[in-house]
Amino acid sequence: MLVAYTIADEFAEARTETYDVGLGGLAMLADTELPAGQPLRLELELRGDPRPPLHLTGEVRWCRYDAGLAKYRTGVEFTDRTPEQESQLIGYIDMMYQLRDLGVL
């Protein structure tokens, strides 16, 4: 799943990929270290899915450098999720499992 994130309006969005997504949050790869507690605005998009991107807020819980990837593995907890956003998130997660079962992912 693709993710775009920013820390505030005055900062450009950074785009990356997630490597784990659940109802409570996600793990993503970042080019820069993000401090624990950093609030983020997130936009999630599943490649090939016709649905519009899902907009969420989150907070960095951990960030560790992965020398093999030369990126920061970053854990983000979703915050202030609405029931509609949760329903959309469940739909994304279900679609990812279906694609994985078909061998696409």
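**Hairpin of β5 and β6.** I began at the turn of this predicted model. Four residues lie between β5 and β6 in the hairpin, and A70 takes a positive phi there, near 55°. I then followed the two strands themselves. β5 and β6 run antiparallel and are joined by nine bridges. Across this pair I found R64 opposite R73 of β6.

**R73 again.** Over which ring face does R73 lie? I looked it up: the face belongs to Y19, and R73 is 4.7 Å from the ring centre. I also checked for aromatic pairs and noted one in the structure.

I turned to β4 next. β4 pairs with β5 over six bridges, in the antiparallel sense. Here L44 has L54 in β5 as its bridge partner.

**β2 and β3.** I went on to residues 14–21, which form β2, and residues 25–30, which form β3. How many bridges join these strands? I noted three, with the strands antiparallel. D20 faces A27 in β3.

**The whole sheet.** Six strands make a closed barrel, in the order β1-β2-β3-β6-β5-β4, and the pairing is antiparallel. From one strand to the next, the twist averages 45°.

How values were computed
Residues numbered from 1 in each chain as written. Predicted model: local features only at pLDDT ≥ 70, side-chain atom pairs only at ≥ 80, totals over all residues. Heavy atoms only, no water. Pairing = 2+ DSSP bridges. Axes fitted to C-alpha atoms, helices over the stretch in contact; angles between N-to-C directions. Phe/Tyr/Trp six-rings, centres within 6.5 Å; stacked < 30°, edge-to-face > 60°. Lys NZ or Arg CZ within 6 Å of the ring centre and 35° of its normal.
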